[in-house]
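Keep the sequence and the 3D view at hand as you read.

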Amino acid sequence: GQVLVSIRTKDSNKDVVYEALRRCKYKFAGRQKIIVSDKWGFTKLTRTQYAIDRQAGLLQPDGCYVKYLAEKGPLVKSLLAMEKAQSA
């Protein structure tokens, strides 16, 4: 099937959102499933991989998404980007 609703929330609100989606299922005809993703927000990374890469300075938060800091390019630019990511 196709995704009808996608919700991103804090882990502390997980139970409330799950209950809201469970009640919402009755508004749509047919069988609806609730799937809890193991991804971090709207990124393609799992929660554990996100935490590891964030600690290593390979990611930079960018609103709802995340910037992947490349290991290629000028050394000065890479060092400045990693330093900025560590401080954020």
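Helices (H or I, at least four residues) and strands (E, at least two) are DSSP runs, numbered from the N terminus. Residues are numbered from 1 along each chain as its sequence is written. This is a predicted model, where local features need pLDDT of at least 70, side-chain atom pairs count only at pLDDT 80 or more, and totals for chains, interfaces and linings use all residues, while side-chain values use heavy atoms, with hydrogens and water left out.

**Salt bridges**

Side chains of opposite charge can pair when their charged atoms come close. A salt bridge is a side-chain nitrogen of Lys or Arg within 4 Å of a carboxyl oxygen of Asp or Glu. How many salt bridges does a search of the whole structure find? The search finds 3, and here they are:

| Pair | N to O distance |
|---|---|
| Arg 47 and Asp 11 | 3.1 Å |
| Arg 22 and Glu 19 | 2.7 Å |
| Glu 19 and Arg 23 | 2.9 Å |

Arg 22 and Glu 19 are separated by about one helical turn because they are 3 residues apart in helix α1. Glu 19 and Arg 23 also both lie in helix α1, 4 residues apart, again about one turn. Through shared partners, salt bridges join Glu 19, Arg 22 and Arg 23 into one network.

How open are these residues? Buried means under 20% relative accessible area, exposed over 50%, and partly exposed in between (1.4 Å probe, protein chains only). Arg 22 is partly exposed at 30%, as is Glu 19 at 29%, whereas Arg 23 is exposed at 56%.

The salt bridge between Arg 47 and Asp 11 links distant parts of the chain: Arg 47 is in helix α2 and Asp 11 in the segment before α1, 36 residues apart. Arg 47 is partly exposed, at 33%.

**A buried charge**

Asp 53 sits in helix α2 (residues 47-56). Lys and Arg count as positive and Asp and Glu as negative, with His and the chain ends not counted. Asp 53 is buried without a salt bridge, and the nearest side chain of opposite charge, Lys 44, is 9.4 Å away. Beyond its neighbours within four places in sequence, Asp 53 is in contact (heavy atoms within 4.5 Å) with Leu 45, Leu 58 and Leu 59.
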